[in-house]
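Please study the sequence and the structure before reading each solution.

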Amino acid sequence: MPAIYLGEFEQIVLLAVLRLGEKAYGVPIRAEIENRAGRKVTVGALYATLDRLEAKGLVHSWFADATAQRGGRSKRYFKLLPAGVEALSGSKKVFDRMWEGLHV
Amino acid sequence: MSEPPKLAESLLRRLIGGRDADAVAGDLRETLEARGGGRLWYWGQALSCLAVRFSLYRRSLPGIGTDFSRALRRIRRDPGYALTAMLCLALALGVNTTLFSFLDSLYFRRLPVPEADRIVRIERQEGHFCTWASFASVRDEFRTVQAAAVMFFFDSIEVGRSGFNADIEGVSSNYSQVLRLKAAMGTWFAPGAESDSEPSMVISYRLWKTRFGGEPDVLGKRLRILNRAFHISGVSSPEFNSSLPPLMADAWVPVTFRSRGARPNLVARMEPGATLDSVKAEAAVISARLRAADPQDQELAKPAVVMPQVGFNSTSRYSFYAPALTMLSMVSGIVLLIACVNVANLLLSRAAVRQREIAIRQSLGAGRWRLFRETLAEGLVLAAGGLVLGMLFGYATGQALEWLLPSLPMALFRGLQFDINWRVALFLAGAGALCAVLFSLPPAFANSRGGLNPAMKGSDVRNSRQREIYSVVQVALSLALLVASGLLVRALGRVQRIDPGFATDRRFYVNFSGRSEFDEKTTPQLYSGLLQRVKEIPGVEDATLSWEIFPNTGFAWSAPTCSPQPSQVRANSVEANYFDLMRIPIVSGRGFVHDAGVQQVILNQTLARKWWPGEDPVGKPIWMGSCEETKGQPGLVVGVARDAKYQSLDEDPTPLFYLWRLQDRGSYLSLIVHTAGDPRQWMKPVLDLAAREGGTLRTYDSDTIDSAIARSLWEVKWQASLLGAVGLLAILLAAVGVYGVVACSVAQRTREIGVRMALGALPLDVQWMVLARGLRITAMGIAIGLLLSAFAVRFLRGFLYGMSPFDPIAFASAGLAWIVIAILASWYPARRATRVDPMTALNYE
């Protein structure tokens, strides 16, 4: 059983960060979630979740240096920590086991 | 290219701040550029960030579970302190529960009838809306309400040959229809029942159970009230007591009164669609009509009042009970305050103990807000525990009072219910939460205060000074309560020592109601015969007859001259030997004698002085009623009797005259019997004799004269015992407070005491040092408390039977009592201090 339980939205956010790899900052994460999960997400909700995941030690974030793009504002990048990967795979296993032998 | 809204961006920067804000603003700008505009969208996103950041949850809730579980853990580790705190709170909250459920039952309850929110009372500013005579027309005129007339009265109900006193509601026959009452058995009255030759009556469920043993055959039984025969047609449902709870009626009869003076209260149900305003408007119109029809009537000139029927409401009744209730509320508020201070003190001393822990946590980066919250959580847990215990305690007290109060000679207190409903629970929860905040704030501030240095060293002068101040406040407040209850006890003692002016010992009375079948010729003979037979009972020294028995008084019209407007004077109608038996000396003239012709009158000294100042009134004519009624035939003053008390022990000398019962038309006499020993032993033989030989006379009440006097003091006795009980509670709480402060200072100074002992201090020195601390706190408390009392007792003036509220004995004894309590409270910590082993003390910590 996973030591850390993840909510559905937390899983979605973690998976988006994982998929984006090195390009994971606010704008692409939201775009990824919108495109794949078909969900509109506000910036506030997204950053609240990311902050929570960081507090739990599942992701790590850092600020990149400001560039001339987007009004000279810096980007905050995210990446998954090993604990985050573990929590995700744990959650997946739970669902796999629950789905085993079921056809809907 | 679209620019983001400036204001939204600067809000983000200001309220979120730092690089976080920068990153968010960058994300938003990038998306905005990609979307190609949409200021509304931008605002929505920016606000979503701010909403998340400033949500209550994010600001306070994370970790609130931790706060509470830590608080619980600390309490589990030291249950003694938590229990003390909860008990202190429980006692104070219990008193407040009882008081509030009392107020609730007096002021906030609706009638237990369907759609009770549609019931209104129609009256006048300190008066009645109409007379009984005009009620029928008023009822028919009202379109917005259905009105019923009610009059509360106290009378004897006669069943067969015996009777008992009962509270009765005389009502119009539409009463049950207006209130939509249901009967537990039988039926309520039919319309027009008041004009039946033998009307039906409804008895209360309680009366049915107590007087009629709950027998189903009670229906159809015949009774007499107000000189009329009734038959029981129904038993009311158990929850309905009267149209004006907490007054409790024993029976309801359909009546109508024709005399001009009789005025009913109107209780009415609003018709569908009617509002309070429309009823008020209609009442004003009808009131104007009534006034025009009878311009002489003073009461009809007062403005009409319509108010919802909630509790014991009335323009005049509120003001009557307000002083006593205000006093009670103030007193229980003070007790609650003292309890809060106690708990604050306890928490502060805990804060002193935890100083090091807190300092270490602070130096490791624990925020002040976090420490503040933890202390608050602890307070809330303690308050919750105190609340639960307090509610149980208050419920128990309420039940005890519900059992005790009916013994009071006051109909109002018989129906009070102290059950805990949602209003009481809500009030208590509010009081508990307020307490929690009150007593948690000082320790919360103490805990979250900065300054690691003194804390690490282990001494905080500020903290212990604060606790001492709280203790002083407690002593002062409880001293004020002690002074107040001392004053009431002194007033009670004083009023009990007042000489009533007549003999009370070994005497008892039996009340008769001869009204039912009164005959001007035979009834006086009946009394005479009975009196003779009673005197023959062995052990009866003498017996007499009197119209009124203390504390009841009657009135009669009379005047010293032949005048068309005689004045109303207190009067009594007695047997000739009354003065002898009651030891009321005739100071001039003579008593009543059998020569008749003229009506003999005996004045008391005050009336003699009032009507014939400086003269001897014996031999003067006196008019009993107006000149017309007496047909110019005056009575004759034959004597003057010494003054006595007639209605209450503390009354001023009151004018009164006596008539001879054989020359008066009185029929409602009481027998007074003077016995050789304990008067109660002769009650049964006399009552048996009265039942056997009394003919049409019916007995309904009997007691000793001594207890009639004691009963008249119930009010001050209740005030003294209620205030005394609450005062004791306050002292107990404050004593715990003083003990706590002294004991804590001993614990904190263990090292110092050890050093002193090691350097050769005697145990007595150490004991005195500790004791002196307790006494210093108490002395300051007493000084402030006496000042406070001197200010507060002026509110008590109305309760003191004329005694000055600045009674030196009450003040001095309260101060002395507190000194004794302080010595007792400091004694144990002082003794413990001397047992400190210097070696252990030096190694302390």
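**Exercise 1.** Determine which residue in strand 20 of chain B is the bridge partner of Asp542(B).

*Solution.* The partner in strand 20 of chain B is His674(B). This strand covers residues 670–675; strands are DSSP runs of E with at least two residues, helices are runs of H or I with at least four residues, and both are numbered from the N terminus. Next, consider the strand pair: strand 12 (residues 540–546) and strand 20 of chain B run antiparallel and are joined by six bridges. Two strands pair if DSSP finds at least two bridges between them.

The model is predicted: local features need pLDDT of at least 70, side-chain atom pairs count only at pLDDT 80 or more, and totals for chains, interfaces and linings use all residues. Residues are numbered from 1 along each chain as its sequence is written, while chains are lettered from A and ligands numbered from 1 in the order in which they are written.

**Exercise 2.** State how many residues of strand 20 of chain B are buried.

*Solution.* A residue is buried if 20 or more other C-beta atoms, placed from the backbone, lie within 10 Å of its own. Five of the six residues of strand 20 of chain B are buried. For chain B as a whole, 43% of its 845 residues count as buried.

**Exercise 3.** Describe the contact between chain A and chain B.

*Solution.* Residues are in contact if their C-beta atoms, placed from the backbone, lie within 7 Å. Here 15 residues of chain A touch 16 residues of chain B. Helix 3 of chain A gives the most to chain A's side, with five residues.

How values were computed. Two residues are in contact if their C-beta atoms, placed from the backbone, lie within 7 Å. A residue is buried if 20 or more other C-beta atoms lie within 10 Å of its own, exposed if 12 or fewer, and partly exposed in between; C-beta atoms are placed from the backbone.
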